[in-house]
Amino acid sequence: MTPTNGATAVAAPSFSPRLTRRAALAGGVGTLIEYYDFSVYGFLAVTIAPLFFPNSDSTASMLAALAVFASGYVVRPLGGVFFGWLGDRYGRRAPLVATIVGMGLCSGLIGILPTYESIGVIAPVLLVVLRLVSGFCAGGEIGGAATYIAESTPPERRGFFGSFTPFGSTFGFATAATVVAVFTSSVGTDGMTAWGWRLPFLLCFPLALLCLWARARLEDTPEFTKTKEEGRQAKWPLLQVLRTNPVGVLRVIGVAVATNGTGYIGLTYMNIYLIDDLGYPAGQVSWLSAGVIALACLTMPLVGLLSDRWGRRKVIAAGVAGYLVISYPVLALMESADSLMFVGVLYLAFMILNALLQVPAFPMFTELFGGSTRYTGVALGFNLGTILAGGTAPYIATLLVQQTGDRQSPAFWVMGAALIGLLSLVRLRETANTALPR
């Protein structure tokens, strides 16, 4: 089948099952650690806000902490461009090692930062610097992991092994929520404020070493090796991908808006909705979220198999159609429910739909670009989509409720993001079970 960007497809190189399994494991574990590193700050924002941004107005303190959290998203496209250039020009392996080590060091160092009480304004400045560098590294991680797995996997298994990337990213949120919940239960609220908040960050150091061990053993992918042997590396992959395949980049942005605009409502805003709007105890909601997200992750390999069998477009379309149908009813039923167990079932249905979007999306992204610009195209498009719909999702959802007085109004944001994803599939030719374009 002809790729959507018009590039000539060639027969895929032979793939070693051992290399494929190692690539999927290293990519999935690395992405899990990336999203643990990146999201643990969000789960601890309430605790560390007064420590780094003391203010008589607690809301102002919290907003400052959340602004620092958002700053990591702003620089992600820059990291995507830099590590995409490195990966497309010199090889996939080196940037994958660099991104995870950089993120692990930055997030771990937050755990040893002095607070505002100790060194004054320098404390929040250092916090911002570490979050910016962490976000820069994060920009090159998930696109690189998706590219590495896709280029190390035979076409008929690309969806299944590609599911390790969204599994890792989503399970990273569940891991961060669980770790924070465990430490909070162990040392109490006062203990977390005094010193316990540091422990989840310090855990990033050994996690980074674990991932370094996994990734340092990787070889470069067969696809990149072939590209290098044929001298097809792009000198400036960003300029080349924008000149030769802008439609591919736009498709990635559109589908990324759908995956992030829906997913971040479930991963971040749902906690706020259940606690602040519906009044459920925070501790119970934290455990519920961790469990629901973990269960949704378990469906991802199956969705990957389905995308290999049925095609990427059909599975993604099923996910966006599901969101268009159930988003408003799910939030309405949650509000009328008198059982947290029933709420959990609805929450799980919401997150499983996101699996239908995420899992086929990542292999599809890689199947839209040639080998000389694949890393850059995926990283650029996905990170721009994340900024537009991921980092902004909790803020937009909260603003919608505030402005309309309708607790179900965030459903319209979800439906809008899903619609953008659906439009991005228009005239997209199926890419599953085809050799990656040159």
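Trainee: What makes Glu335 and Arg407 a salt bridge?

Mentor: This is a predicted model, so the value is a computed one. The closest N and O atoms of Glu335 and Arg407 are 3.3 Å apart. The cut-off is within 4 Å, so the pair counts as a salt bridge.

Trainee: Which parts of the chain does that pair tie together?

Mentor: Glu335 lies in helix 16, and Arg407 lies in the loop between helix 19 (393–404) and helix 20 (410–424). The parts tied together are 72 residues apart in sequence.

Trainee: Why is Glu335 called partly exposed?

Mentor: Its relative accessible area is 34%. Buried needs under 20% and exposed needs over 50%, so a value in between is partly exposed. Arg407, with 33%, is also partly exposed.

Trainee: How do you know that Arg312 bridges to Glu367?

Mentor: Their side chains meet at 2.7 Å, N to O. The limit is 4 Å, so the contact qualifies. Arg312 also forms a salt bridge with Asp308, with the closest N and O atoms 3.0 Å apart.

Trainee: What does the pair of Arg312 and Glu367 tie together?

Mentor: Arg312 lies in helix 16 (residues 312–336). Glu367 lies in the loop between helix 17 (340–366) and helix 18 (374–390). The parts are 55 residues apart in sequence.

Trainee: How many salt bridges does a search of the whole structure find?

Mentor: Eleven. There is also a network of salt bridges, which links Asp88, Arg92, Glu151 and Arg374.

Trainee: How do the residues of the contact divide into nonpolar, polar and charged?

Mentor: The contact of helix 16 with helix 20 has 14 nonpolar residues, one polar and no charged.

Trainee: Where is the kink in helix 13 centred?

Mentor: On Tyr269. The kink is about 50°, and helix 13 covers residues 246–277.

Trainee: What makes helix 13 mostly covered?

Mentor: The count does: 24 of its 32 residues are buried. Gly279 follows helix 13, and its phi is positive, near 80°.

Trainee: Which value makes the phi of Arg427 stand out?

Mentor: Its phi is near 65°, a positive value in a residue other than glycine. Most residues other than glycine have a negative phi. Asn433 is another such case: its phi is positive, about 60°, and it is not a glycine.

Trainee: Where do Arg427 and Asn433 sit?

Mentor: Arg427 is in the segment after helix 20. Asn433 is in the segment after helix 20 too.

Trainee: Why does Arg427 count as exposed?

Mentor: Its relative accessibility is 77%. The cut-off for exposed is over 50%, so Arg427 passes. Asn433, at 41%, is partly exposed.

Technical notes
Residues numbered from 1 in each chain as written. Predicted model: local features only at pLDDT ≥ 70, side-chain atom pairs only at ≥ 80, totals over all residues. Heavy atoms only, no water. Bend = angle between axes of the 7 residues up to and from the residue. Helix = DSSP H or I, 4+ residues; strand = E, 2+ residues; numbered from the N terminus. Buried < 20%, exposed > 50% of the residue type's maximum accessible area, 1.4 Å probe, protein only. Nonpolar A, V, L, I, M, F, W, Y, C, P; charged D, E, K, R; others polar.
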